[in-house]
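Please keep the sequence and the coordinates at hand while reading.

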Amino acid sequence: MFALRNIGKLIFGSGSQESLIELPQGQLYLVRPLSPKGYSELIFKDSAARIRKTAQDFQYQLVVQRVYEEGEAELLAEEEGGEGEDDADILAAERDEKTFLLDEALHFRVESREGSEIVLAWRDLSGDAGDLYEFVCDAGIQPSLVDKFELVAKQCQYERKYRKPNTTATNEDLLQFEFSDEQPIPPASPLHGPTLTRSIESTDSIFSSNKPAANTGVKRDKAPEEVSPQDLESAPSNTMPADKTASPAPPSAHPEPREILALENAELHFFDFPSGSFVLQDSAVAATVTEVGDWQYYLQVGSNDRDWLGIPVVADINPVFNFEFLSFIFNQFTEDGSAYSWLLRFKDQPTLERFQEGLLRALWEQLNEVKWTKMKDKERDYVTDAFADLAMEDVPEEPEQEAEEEEEELEDDRDQSEHYDSDEDADDVDARPKDKDTNKMIAVGYKNNRTFVVRGSKIGVFKHTPNNHLQFDTNISKVATSKGELFSPKKVMLHNEDRNLILQKDADPNKLFRMDLEYGKVVDEWKVDDNIPVVTFAPENKFAQMTHEPTFLGVSHNALYRVDPRQAGNKLVDSQIKQYASKNDFSALATTEKGYIAVASNKGDVRLFDRLGINAKTHIPALGEPIIGLDVSANGRWVLATCRTYLLLIDAMQHEGKNEGKLGFERSFAADAKPQPRRLGLTPEHVAQFAHETGKGVNFTPAKFNTGEGTDETSIITATGPYIIEWNLQKVITGRKTPYLIKRYSDVVSADDFKFGTDKNVVVALPNEVSAVTHGQLKKPTRQSIAGDFLNAERRGSGRIGTRESGRYKLGKDDVVNSPY
């Protein structure tokens with residue numbers, strides 16, 4: 001009477017994606033006991049549940065698939081007749097199947113009820129606190145089959161956690177996956193929905209009062225755990241059993257303190273990954289910040305009963321102060337690569353403020369090697385504000401849309417080479433690069449709709465198609481000087497209506513090279529100056545590359561100047577230079593549409609100029625970390641600086657005083673005023689999970705605004721490791737929590753930037769791949785999206801199967817972009 005639509009093999013291939021066990025009949029519900037959205041929702045009236053292998057070792061999926069009545073599938077297929085066959089299968093897959101990575105974080109469990117009803121339940125990791133999926137087995141399902149299904153689920157979770165076959169597991173090993181301390185599974189029927197009384201929750205509701213026997217840490221020698229930490233407002237109280245993994249052991253000895261900068265009492269909470277909440281560890285600890293050496297500082301947390309932790313105060317602790325919940329959240333990294341997230345909760349705001357001043361003083365002095373007391377009060381306030389959860393002023397808050405904007409499905413207009421015919425087997429295709437170089441940087445065209453990818457001494461040229469894909473156009477095979485010496489450009493910039501590419505050679509910092517893109521070779525070598533090198537360079541104004549403007553700007557470590565290639569001899573314009581006697585260590589440069597100039601340094605400060613040759617109108621003090629990238633909104637309102645572990649968004653608009661309404665580029669801030677900073681970073685919980693998945697800390701690529709003539713900046717794009725991260729500017733400036741989306745790739749992201757004129761498409765370069773990603777492919781940071789949905793989303797559009805390391809790797813249509821390499 002029923003027929004399953006056979007979509008699994010279309011997505012995962014028909015070989016290794018085998019089902020281990022199946023419950024052939026049941027109903028799937030989404031139950032929300034605590035949500036105002038509605039108590040219960042019937043997802044599939046008729047469905048089958050199975051456990052399925054994936055192409056990755058020790059990784060399994062729990063899959064619930066809709067079952068059609070006879071003739072129903074054919075009727076739906078007719079309704080989808082406007083779609084291509086492949087598209088119809090993909091849409092059907094998304095509509096008719098729910099897939100969950102079988103991980104202990106699901107808290108998968110089985111319950112038998114009166115009347116012989118058997119229910120399987122697991123957490124909705126992307127939903128609200130308390131949300132559950134429930135599979136209610138058909139009455140005809142034998143209990144013995146359900147018992148076997150539960151056993152297989154435990155064995156799969158064991159394999160994922162410990163990365164070894166379940167045959168090595170004892171019965172005691174599998175007991176940890178029973179979750180017997182969970183609350184009873186709530187009935188799925190809406191008739192049983194509880195009557196909810198809602199009230200404003202106190203800050204106590206975000207923390208667990210149940211102290212587990214041991215804490216959960218993120219260990220590199222364990223299987224990855226996909227972390228989906230809730231925002232502080234909605235983090236659930238933990239009623240889950242503790243994980244067996246121990247928390248980090250405290251150091252055997254602490255360094256001898258020279259001076260105490262802060263000493264406050266607090267509660268200590270630990271972030272428990274399976275439950276997604278901060279779990280109370282100790283209700284009374286002393287948190288101490290001390291100076292222990294020359295520009296060396298230390299955070300120690302302990303009580304009368306236990307010495308909990310001691311860590312150096314460095315940028316990698318990712319400090320976050322939340323005054324709404326009187327809390328300080330930070331990361332701990334241990335020598336073995338493990339990452340943890342802790343929270344200190346203080347009794348009142350004055351206590352938190354005292355601790356914040358001591359911690360920020362330590363962090364700032366460690367980074368700058370200058371005493372905090374030597375800063376002006378205004379500069380100290382600026383640093384403090386940058387680390388606090390504050391909303392920007394003078395920005396109208398827009399209501400958040402409940403759902404992401406649906407993106408129109410466009411026909412795939414990518415080139416199909418004869419080797420990538422969708423009807424042919426692609427096993428004979430090997431598009432992997434034959435050289436040892438990797439993609440290093442990209443330059444996105446403003447005028448000619450091209451993107452240029454630098455790879456060693458070669459440059460790949462890609463065209464943006466009308467349907468927002470990348471299509472390989474040509475390959476510049478040799479980047480060489482006029483003497484034929486090959487070199488790998490250190491930096492590139494499009495110029496002269498995108499007809500030229502300005503290149504810099506790492507070994508020759510006083511020269512720049514001009515490549516004619518029509519000929520594909522270097523045609524000019526410019527000596528900038530005999531004594532003043534080029535650290536970096538930027539266009540005369542934000543959209544100068546769309547014009548014939550010949551001049552552009554450059555900086556050395558202590559000078560800002562104009563370069564004019566039309567000059568005879570050296571190209572630096574002597575009359576248009578601002579040189580400083582001291583070494584400011586300039587590192588980055590950006591311009592606005594009007595030609596206002598922002599210059600940043602490795603010291604972490606930023607200078608704003610309205611023109612060359614004069615002192616900066618505004619000097620923005622350093623937070624400490626070197627600035628490795630700089631961008632400015634076209635109108636000059638927003639300055640975006642990139643540091644290794646965070647971004648800094650600065651509002652350059654003056655909101656009070658005689659210069660109200662003026663930019664910091666145009667007029668200096670009044671003595672009692674200061675720019676408004678916003679420190680953008682990943683939450684400590686996400687940092688810990690990223691570190692577990694990749695084995696590395698945060699290391700951002702230079703962040704960019706989306707840009708285009710007459711287009712407002714709405715988004716910020718950057719990357720760290722294999723993740724691209726997009727911040728929503730409106731959410732950032734109105735103080736929204738976790739205002740970013742992510743997408744994980746299978747390799748490290750080398751470079752990324754928006755396509756010109758839109759915030760919906762991003763060009764991404766991996767070491768050996770180049771692709772375009774749409775806004776709709778970015779996801780909220782959850783356990784699933786952080787771990788990476790490699791087996792699903794990325795393969796659907798491309799037709800690629802498996803990973804390069806797997807034995808069943810098969811190239812797809814997207815891989816054609818590798819052909820120039």
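Which residue follows H6, and is its phi positive or negative? Helix H6 is followed by Glu-369, and the phi of Glu-369 is positive, near 55 degrees. The model is predicted. Its protein chain comprises 11 helices and 43 strands.

**Chain as a whole**
- Of the 821 residues in the protein chain, 56% are buried.
- Among contacts in the protein chain with a separation of 6 or more, 60% are between residues 24 or more positions apart.

**Helix H6**
- Helix H6 covers residues 349–368, a run of 20 residues.
- From the first C-alpha of H6 to its last, the helix reaches 27 Å, close to the 28 Å expected at 1.5 Å a residue.

**Gln-65 in strand E4**
- Gln-65 belongs to strand E4, which spans residues 60–69.
- Gln-65 has a relative accessible area of 5% and is therefore buried, the cut-off being under 20%.
- A polar contact of 3.4 Å links the side chain of Gln-65 to the side chain of Glu-97.

**The sheet E41-E42-E43**
- Three strands form an open sheet in the order E41-E42-E43, and their pairing is antiparallel.
- Strands E41 (751–754) and E43 (769–774) stand at the edges with a single partner strand each, so one side of each has no neighbour in the sheet.
- On average, neighbouring strands of this sheet are turned by 20 degrees against each other, direction ignored.
- E41 and strand E42 (residues 761–766) run antiparallel and are joined by 4 bridges.
- Phe-754 has Val-762, in E42, as its bridge partner.

Technical notes: Residues numbered from 1 in each chain as written. Predicted model: local features only at pLDDT ≥ 70, side-chain atom pairs only at ≥ 80, totals over all residues. Heavy atoms only, no water. Helix = DSSP H or I, 4+ residues; strand = E, 2+ residues; numbered from the N terminus. Buried < 20%, exposed > 50% of the residue type's maximum accessible area, 1.4 Å probe, protein only. Polar contact = N/O pair within 3.5 Å; in protein donor to acceptor, adjacent residues only side chain to side chain. Expected span 1.5 Å × (residues − 1). Contact = heavy atoms within 4.5 Å. Pairing = 2+ DSSP bridges. Axes fitted to C-alpha atoms, helices over the stretch in contact; angles between N-to-C directions.
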